Amino acid sequence: MTHFTITSAPADHGITLYTLRNAHDMRVVISDRGATLISWWAPDRYGREADVLLGYPDCDAYLANPAFFGGVIGRWGNRIANGRFTLDGVDYQIDRNEGDNHLHGGKGGFHLMPWQVQADPEGLRMTLASPDGAAGFPGNVLASVLYRLDDDGQLRIDYTATTDAPTPINLTSHGYFNLNGGTGDICDHILSIDADAYLQVDRRLIPEKVANVAGSAFDFRQPAPIGPRLAWPDEQLSVAGGFDHCYCLRRANDDVDEPGRKAQPLRDVATVYDPGSGRELTVSTTENGLQFYSGNFLKGVQGRATQAYAIHDGFCLEAQAYPDQVNTPEREAVILRPGQVYRQTTAYRLSVRK
């Protein structure tokens with residue numbers, strides 16, 4: 001049986017912090033600004049606690065959150081080329097906040113919005129009403145996330161959304177992890193990803209083709225340390241300044257639960273192990289894509305320590321649809337229509353190898 005408690009505490013700028021605590025005193029702190037993961041306190045193999053999430057020193061920085069630390073990303077996680085797409089014969093121009101790209105919901109993305117907390121016996125539920133025209137997207141959208149922390153160290157995130165007009169939607173969580181708790185970078189972390197292919201990108205970091213991982217720096221089908229792979233002479237690593245690519249996860253089935261959406265079961269898709277602390281992170285998801293980001297733009301970002309973050313001080317594993325999918329032949333799979341319910345589940349489980 002899972003036992004958990006939820007406590008809340010006011011912070012600055014009208015923000016409230018909520019803490020999920022399981023029976024082993026593992027704690028996850030979540031802000032109602034952006035439904036943001038703030039901290040995740042977990043023991044190492046010696047029982048010493050550390051926060052395995054990167055974050056800012058105070059609430060002020062989360063009001064702008066230029067690094068997207070821990071936020072729920074919407075309406076669209078990742079990039080849309082030129083901030084443009086066509087839906088049912090209508091052309092839309094949405095926020096362009098990364099050069100010509102739309103990135104992570106634009107200047108008013110979900111990660112910056114105040115979410116409402118709803119009573120729920122299963123965990124911490126937050127909802128957000130996104131109006132028609134927000135960041136240029138059509139339709140009024142009602143989004144919800146449910147956070148649950150169990151006694152096995154699994155933080156499960158269930159997303160749902162509905163709309164009153166067709167709109168693209170692609171929600172994800174942008175937590176930055178460092179399993180050594182910030183005592184070093186992530187280069188000795190050992191990563192595995194259950195994917196035979198990934199999306200190669202152009203210099204705008206927009207996908208241009210599917211590539212097999214075999215024989216490349218991107219082959220994590222067997223566990224491998226991240227640092228040595230970053231040093232491989234691979235053009236894709238040079239283009240992105242490291243890993244910032246979406247993996248095409250193996251699909252468990254091709255069943256369809258709703259028009260245009262593939263139903264995948266919740267399955268384990270990636271693990272990350274830190275030999276120093278013994279902490280291991282397992283990622284499970286219902287999604288088809290997993291963005292692996294190696295913290296390429298962290299240099300100079302002020303975190304909780306006196307010294308600012310450096311490149312590769314954290315990593316992200318963001319479960320999602322494919323970047324720019326709204327501009328591909330698979331676009332209908334990412335369009336939410338009235339009467340449909342968008343559903344996505346991703347879980348992060350922390351354990352310790354003795």
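The following legends describe close-up views of a predicted model.

Residues are numbered from 1 along each chain as its sequence is written. In this predicted model, local features need pLDDT of at least 70, side-chain atom pairs count only at pLDDT 80 or more, and totals for chains, interfaces and linings use all residues, while side-chain values use heavy atoms, with hydrogens and water left out.

**View 1. Confidence along the protein chain.** The mean pLDDT (the predictor's confidence in each residue, from 0 to 100) is 95 for the protein chain, and 96% of its residues reach 70 or more. Over residues 256–260 the pLDDT is below 50. Beyond near neighbours in sequence, this stretch has 10 contacts in the model, a contact being heavy atoms within 4.5 Å. Where pLDDT is low, the predicted coordinates should not be read in detail.

**View 2. The open sheet of five strands.** Strands here are DSSP runs of E with at least two residues, and helices are runs of H or I with at least four residues; both are numbered from the N terminus. The strand order is β1-β2-β3-β4-β5, with antiparallel pairing; two strands pair if DSSP finds at least two bridges between them. β1 (4–10) and β5 (49–51) stand at the edges with a single partner strand each, so one side of each is left without a neighbour in the sheet. From one strand to the next, the twist averages 20 degrees, where axes are lines fitted to C-alpha atoms, for helices over the stretch in contact, and angles run from 0 to 180 degrees between N-to-C directions. Within the view, β3 (residues 27–31) and β4 (residues 36–43) run antiparallel and are joined by five bridges. Val29 has Ser39 of β4 as its bridge partner.

**View 3. Surroundings of Gly106.** Gly106 is placed in the loop between β10 (102–103) and β11 (116–118). Its relative accessibility is 3%, so Gly106 counts as buried; buried means under 20% relative accessible area, exposed over 50%, and partly exposed in between (1.4 Å probe, protein chains only). Not counting residues up to four places away in sequence, Gly106 touches Asp95, Asn97 and His111. The C-alpha atoms of Gly106 and Thr36 are separated by 16 Å, the two residues being 70 apart along the chain.

**View 4. Gln200 in strand β18.** Gln200 belongs to β18 (residues 195–201) and is buried, with a relative accessible area of 17%. Its side chain and that of Tyr198 are joined by a polar contact of 3.1 Å. A polar contact is a pair of N or O atoms within 3.5 Å; within protein, one must be able to donate a hydrogen and the other to accept it, and residues adjacent in sequence count only if both atoms are side-chain atoms. Residues touched by Gln200, not counting those up to four places away in sequence, include Ile206, Pro207 and Gln236.

**View 5. Backbone geometry at Phe68, Arg75 and Leu205.** Most residues other than glycine have a negative phi, and most peptide bonds are trans. Phe68, in the loop between α1 (59–62) and β6, has a positive phi of about 65 degrees. Leu205, in the loop between β18 and β19 (207–212), has a positive phi near 65 degrees. Phe68 is buried at a relative accessible area of 12%, and Leu205 is buried at 8%. The peptide bond from Gly74 to Arg75 is cis, with omega near 0 degrees.
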